[in-house]
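Subject: Structure handover

Hello,

Here is the structure for your files. My notes on what turned up follow below.

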Amino acid sequence: MIRLPVGPRNPLRALGVRLAAAAALVLFVVILVYADRDGYRDVTGDELSLLDCAYYAVVSLSTTGYGDITPVTHEARLVNLILVTPARLLFLIILVGTTLELLTEQYRSAARLSRWSKTLKDHVVICGYGTKGRSAVGALLESGFDAKRIVVVEPDPGAVRQANAAGLAVVEGSATRSSVLREAHVKEAKAIIIATNSDEASVLVTLTARQLTAGRVRIVAAAREAENAPLLKQSGAHHVIVSSATAGRLLGMCTSAPPLIDVVEDLLSAGQGMALAMRSARRDETGSSPRDLSDVVIALVRRGNVVALNEPEAARVETGDMLVYIR
């Protein structure tokens, strides 16, 4: 099931307000009729009780009008003309308006979903919206990636609500199922990020994604244990990030070189301090040394390969190079 982000409107609250207004109208008419119950006649000849007044209010406002209770005095008929009839019209407007709004909302949702499916292309699919998935989304947004081009695949209803609240489209279901990944349009995606809670699930999702995309879409997977990284690569992942090994290296930094951990945390924290970024080399930078540029360049990406600055190939910037720098 695809769930698109919605605005602050709450359809249940709007329906509750309409129902409360309809109930208030019924109560208003009941009070009017009961206050002037001597001006009404029942076919049985009995005096009107509170229940009779409620019955008359409901059948009058709903335009059923059985005629078993009728206003007979001039005062009662005047009240019906001035107050009950407008209340009847307002009651109908509330009921019909609620029905039309629900039908319109269904049509609007279907139209939004159809438009979303037709325009979705070159997007990023995030499989899993846990800690790793949310961090991946944050990194994408920090780099300027459009939130409308991010699709989350998540089976947990709580995480689905969080992703929708963050303005993200969500396909609710398990990413291990090919039908769910098809709903996320993985074939037209730019990349697939697999951030599930277990390495076993990551392997299965990777295999399913590779089968659907035939290897044409870049797959990036997270692994808890380093021993599972080769298995993920054999399953079709182009890049594997080992979270336990990365955490271990950071812990080692805290002991051997404490200031370095502050620098790394600053680089990895979204929206503050320093950040790693990548851009294309400008024409006026071609032929220059990466060390002489205004940006602090730490590596080059040339024809898909990372070239460190201490390598001879990185002595000069070439046309088509991508610059990895600290922003």
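Of the protein's 327 residues, 35% count as buried. Buried means under 20% relative accessible area, exposed means over 50%, and partly exposed lies in between (1.4 Å probe, protein chains only). This is a predicted model, so local features need pLDDT of at least 70 and side-chain atom pairs count only at pLDDT 80 or more, while totals for chains, interfaces and linings use all residues. Residues are numbered from 1 along each chain as its sequence is written, and side-chain values use heavy atoms, with hydrogens and water left out.

Overall shape

The protein has 10 helices and 13 strands. Both are DSSP runs, numbered from the N terminus: helices are H or I with at least four residues, strands are E with at least two. The C-alpha trace spans about 110 × 45 × 40 Å along its principal axes. The radius of gyration is 33 Å, whereas a compact globule of 327 residues would have one near 20 Å. That radius is taken over C-alpha atoms, and the globule rule is 2.2 Å times the number of residues to the power 0.38. Contact means heavy atoms within 4.5 Å. Among contacts between residues at least 6 apart in sequence, 62% join residues at least 24 apart.

How many aromatic pairs does a search of the whole structure find? One. Tyr40 and Tyr56 form that pair, edge-to-face, at 5.2 Å centre to centre and 65° between the planes. The pair links distant parts of the chain: Tyr40 is in strand β2 (residues 40–42), Tyr56 is in helix α2 (residues 50–61), and they are 16 residues apart. The rule pairs rings of Phe, Tyr and Trp (its six-membered ring) with centres within 6.5 Å; planes under 30 degrees apart are stacked, over 60 edge-to-face, the rest tilted. Tyr40 counts as buried, at 6% relative accessibility. Tyr56 is buried too, with a relative accessible area of 6%.

Buried residues in α2 are Cys53, Tyr56, Ala57, Val59, Ser60 and Leu61. An α-helix has 3.6 residues a turn, so residues three or four places apart point the same way. Thr63 follows α2, with a positive phi near 65°.

Salt bridges

A salt bridge is a side-chain nitrogen of Lys or Arg within 4 Å of a carboxyl oxygen of Asp or Glu. The count by this rule is seven. Arg279 and Glu285 meet in one of them, at 2.8 Å, N to O. Arg279 also meets Asp295, at 2.9 Å, N to O. This second pair links distant parts of the chain: Arg279 is in strand β10 (residues 276–280), Asp295 is in the loop between β10 and β11 (296–302), 16 residues apart. Arg279 is buried, with a relative accessible area of 15%. Glu285 is buried at 3%. Asp295 is partly exposed at 23%.

Glu318 and Arg302 form another salt bridge, at 3.6 Å, N to O. Glu318 is in the loop between β12 (305–308) and β13 (322–326), Arg302 is in strand β11, and the two are 16 residues apart. Glu318 counts as partly exposed, at 36% relative accessibility. Arg302 counts as buried, at 7%. Salt bridges that share partners join Arg279, Arg282, Asp284, Glu285 and Asp295 into one network.

Charges over rings

The charged end of Arg37 sits over the ring of Tyr34, 4.2 Å from its centre. The test needs NZ of Lys or CZ of Arg within 6 Å of the ring centre and within 35 degrees of the ring normal.

Positive phi

Asp122 is not a glycine, yet its phi is positive, about 55°. Asp122 is in the loop between α3 (74–119) and β4 (124–127). It counts as partly exposed, at 40% relative accessibility. Arg303 has a positive phi near 50°. Arg303 lies in the loop between β11 and β12, and counts as exposed at 70% relative accessibility.

Best wishes
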